[in-house]
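Keep the sequence and the 3D view open as you read.

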Amino acid sequence: MHNEILDIFAEHPGEYVSGESISRQLSLTRAAIWKQIQSLRKAGYEIDAQTKKGYRLVKKPLGLDEWAFQQELRTKILGRQARIYDELPSTNDQAKEEIRSGVPNGLVIMAKRQTEGRGRLQRKWESPAGGLWMSVVLQPNLSLADASKLTLGTGIAVVDALWDLYGLRVGIKWPNDLVYEGKKLAGILGEVVGEWSEIQTMVLGIGLNVNIPREQLSGGISATTIQEILGYTVNLNVLAARLLERLEQEVHSLEAKEFASLKQRWQERALGLGQEVMVIRAGQEFRGIFSGITDNGELILHKEGTELAFSAGEVQLRSHAGEYF
Ligand code: ADP
């Protein structure tokens, strides 16, 4: 979102700008400026007003905000066009809706809350206020098989963004959940839209529990939040921007066909590698050693001298004891 008053503050970081100067630059009355300042404050901007000196931007909002997000963004394509909604049924569904009206590569849809967030296999994804509920539209220069590797790249991007910003080391639970000390912190849902041969478009959904008190998620699920882990509230605009930067690198790396490096980086961040695990497919349990993934991201299970490969769509991974991880 374009906001001319905020643009002026950005040109004078940390400084007071007089009401008169803003009024001159934007051809607005002093009363109109005051009104806009009030609405910015409501949106979470801390703005100091001094009768003699004017206005000064003290703090940008921690919650999702289009202007603050664009200020942080360092990508070329991802998120350059972004929309933030107060509430959506699902950001992935909204992204698919926007694709129908011909949407550019890199569009990002975020919602402060989702009422019908989904995980894999249509399972419910709880999405209260304070989380990062985001979908990225991509039209990558990749075959369908290679594009499906983007969900692996997205897992790496989330892990790396959390490390960059907070020094937080989370692991990837195959295929693409992010887990901290046995509790789920984020999920990723990649969906292909329409016929790949025709429009070559996919939506990558990322659901990350950020500024959410743990009690706001159901007690019955093994989940955690950044707030619970770090003990403070983080800046969602900074987090969204850093994540997209990392994701853009992953897209480039895949387009350059750096598959071996993708697999290696994914395996370095994976949980349970080399351990005995349990894979559940259609109610049937398979136990064996989780020895790695194939180039397509299938889980490889070693079992009595044989190798079994499982694809993500159909199975669940549990620890040896049957626990979440
Ligand atoms: P799985 O890890 O079992 O493969 P999915 O990736 O399909 O699951 O994610 C859906 C599941 O995640 C839900 O059934 C629920 O147990 C759990 N869940 C739902 N919302 C959240 C959330 N905000 N944080 C962590 N876990 C969640």
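## Helix α2 and what it packs against

The buried residues of α2 pack against α1 (4-11), α3 (30-42) and β2 (54-59). Contact here means heavy atoms within 4.5 Å. Helix α2 itself covers residues 19-26, and its buried positions are G19, S21, I22, S23 and L26. Buried means under 20% relative accessible area, exposed means over 50%, and partly exposed is in between (1.4 Å probe, protein chains only). Just past the end of α2, S27 takes a positive phi of about 50°. Helices (H or I, at least four residues) and strands (E, at least two) are DSSP runs, numbered from the N terminus.

A word on where this comes from: it's a predicted model, in which local features need pLDDT of at least 70 and side-chain atom pairs count only at pLDDT 80 or more, while totals for chains, interfaces and linings use all residues. Residues are numbered from 1 along each chain as its sequence is written, and side-chain values use heavy atoms, with hydrogens and water left out.

## Hairpins

β2 also has a strand partner: β1 (residues 46-50) runs antiparallel to β2, joined by five bridges. Two strands pair if DSSP finds at least two bridges between them. β1 and β2 make a hairpin with three residues between them, and Q50 sits opposite G54 of β2.

With β11 (residues 284-293), strand β12 (residues 299-303) runs antiparallel over four bridges, and F290 has L301 as its bridge partner. Five residues lie between β11 and β12, and G297 in that turn has a positive phi of about 90°.

## The largest pocket

Rolling a probe the size of a water molecule over the atoms shows where empty space is left. A pocket is found on a 1 Å grid over the protein atoms alone, as an open set of points where a 1.4 Å probe fits, with protein on both sides within 12 Å along at least five of seven lines; lining residues have an atom within 4 Å of a point. Grid points are joined across faces, edges and corners, and a volume is the space filled by probe spheres set on the points.

The largest pocket comes to about 650 Å³. Of its 33 lining residues, G119, K124, W125, D177 and K184 lie nearest the centre. Which element gives the most to this lining? That's β8, with four residues. By class, the lining has ten nonpolar, 14 polar and nine charged residues. Nonpolar covers Ala, Val, Leu, Ile, Met, Phe, Trp, Tyr, Cys and Pro; charged covers Asp, Glu, Lys and Arg; the others, Gly among them, are polar.

## The second largest pocket

The second largest pocket has a volume of about 460 Å³. It has 21 lining residues, with S148, T151, N176, A312 and G313 nearest its centre. Two or more residues come from each of α7 (150-166) and β8, and β8 gives the largest share, five residues. This lining splits into nine nonpolar, eight polar and four charged residues.
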